[in-house]
Amino acid sequence: MIRNADSGDLEAVLALNEASVPQVNSVPLAQLEKFRREAAYFRVALVDGAVAAYLVGLAPDADYGSLNFRWFKARYDDFAYIDRVAVAEAARRLGLGSALYEDFEQHFTGRAPRLACEVNLRPPNAASMAFHRRHGFVQVGEQPVDGKIVAMMIKEL
């Protein structure tokens, strides 16, 4: 089941996020609450009633200082940005990541011409790169961020 995140989900989302570092950046609970209030998309996937995955997405008008988000803003007038996504280790291989990406794409079809995200190149995240390529994303640039190098990815809708 996929549904909008509510305030009661945030502790579970925070734990899931922190367990997924360095594939996603660490984030304080206050930022998750801001995402819940302001993000264009913040949904969770449940398994047996518990949060097992989440995805946060932003529109280009979001008040967000991420270097990666700003990279896309500088190059594209309109997009839907995947800021962070994580799946609990015990729930991997259940298709939750794909289900959230498909839900995200459906949500923005007709609202945005493209989806945007980044994938770690250094340190490499080969599984994430393969996942994004399977879902139609192509690399359109690279950016150094916080000692990492990320591939900037786009999927045209």
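Reader: What percentage of the contacts with a separation of 6 or more in the chain come from residues 24 or more positions apart?

Author: The model is predicted. Contacts here are those in the chain with a separation of 6 or more, and the share asked about belongs to residues 24 or more positions apart. That share is 62%.

Reader: Which residues does Met 1 touch, leaving aside those up to four places away in sequence?

Author: Met 1 sits in the segment before β1 (2-4). Its relative accessibility is 64%, so Met 1 counts as exposed. Between Met 1 and Val 51 there are 50 residues in sequence and 9.7 Å in space, C-alpha to C-alpha. The residues that Met 1 touches, with those up to four places away not counted, are Val 44, Ala 45 and Leu 46.

Reader: In what pattern do helices and strands follow one another along the sequence?

Author: The chain has five helices and seven strands. Read along the sequence, their pattern is β-α-α-β-β-α-β-α-β-α-β-β.

Reader: What is the radius of gyration of the chain, and what would a compact globule have?

Author: The C-alpha trace spans about 40 × 30 × 30 Å along its principal axes. Buried residues make up 50% of the 157 residues. For a compact globule with 157 residues the radius of gyration would be near 15 Å, so the chain agrees with that figure at 14 Å.

Reader: Which two residues does the cis peptide bond join?

Author: Pro 123 lies in the loop between β5 (114-122) and α5 (126-134). The omega of the cis bond is about 0°. The residues joined by this bond are Arg 122 and Pro 123.

Reader: Is Arg 93, with its relative accessibility, buried or exposed?

Author: Arg 93 is not a glycine, yet it has a positive phi of about 75°. Its place is the loop between β4 (80-87) and α4 (96-108). The cut-off for exposed is over 50%. The relative accessibility of Arg 93 is 86%, so the residue counts as exposed.

Reader: Where is Asp 146 found?

Author: Asp 146 is a residue other than glycine with a positive phi, near 50°. Because its relative accessibility is 67%, Asp 146 counts as exposed. Its place is the loop between β6 (138-145) and β7 (148-156).

Reader: How many salt bridges does a search of the whole structure find?

Author: Side chains of opposite charge can pair when their charged atoms come close. The cut-off for such a pair is a nitrogen to oxygen distance within 4 Å. Over the whole structure, the search finds 10 salt bridges.

Reader: Which elements hold Asp 103 and Arg 43, the two partners that link distant parts of the chain?

Author: The side chains of Asp 103 and Arg 43 form a salt bridge at 2.7 Å, N to O. The partners are 60 residues apart, and they lie in helix α4 for Asp 103 and strand β2 (residues 41-47) for Arg 43.

Reader: Are Asp 103 and Arg 43 buried or exposed?

Author: Buried means under 20% relative accessible area. Asp 103 has 17%, so it is buried. Arg 43 has 16%, so it too counts as buried.

Reader: Which residues do salt bridges with shared partners join into one network?

Author: Arg 3 bridges to Asp 6 at 3.6 Å, N to O, and to Asp 9 at 2.7 Å, N to O. Arg 3 counts as partly exposed at 22% relative accessibility, as does Asp 6 at 35%, whereas Asp 9 is buried at 6%. The salt bridges share partners, and the network consists of Arg 3, Asp 6 and Asp 9.

Reader: Which residues are the closest to the centre of the largest pocket?

Author: The largest pocket has a volume of about 1200 Å³. It is lined by 43 residues, and the closest to its centre are Gln 23, Val 85, Ala 86, Asn 125 and Ser 128.

Reader: Which element gives the largest share of the lining of the largest pocket?

Author: By class, the lining has 21 nonpolar, 14 polar and eight charged residues. Two or more lining residues come from each of α3 (67-75), β4, α4, β5, α5 and β7. The largest share is seven residues, and the element that gives them is β4.

Note on methods
Residues are numbered from 1 along each chain as its sequence is written. This is a predicted model: local features need pLDDT of at least 70, side-chain atom pairs count only at pLDDT 80 or more; totals for chains, interfaces and linings use all residues. Side-chain values use heavy atoms; hydrogens and water are left out. Helices (H or I, at least four residues) and strands (E, at least two) are DSSP runs, numbered from the N terminus. Buried means under 20% relative accessible area, exposed over 50%, partly exposed in between (1.4 Å probe, protein chains only). On a 1 Å grid over the protein atoms alone, a cavity is a set of points where a 1.4 Å probe fits but cannot get out, and a pocket is an open set with protein on both sides within 12 Å along at least five of seven lines; lining residues have an atom within 4 Å of a point. Grid points are joined across faces, edges and corners, and a volume is the space filled by probe spheres set on the points. Ala, Val, Leu, Ile, Met, Phe, Trp, Tyr, Cys and Pro count as nonpolar, Asp, Glu, Lys and Arg as charged, and the others, Gly among them, as polar. The radius of gyration is taken over C-alpha atoms; the globule rule is 2.2 Å times the number of residues to the power 0.38. Contact means heavy atoms within 4.5 Å.
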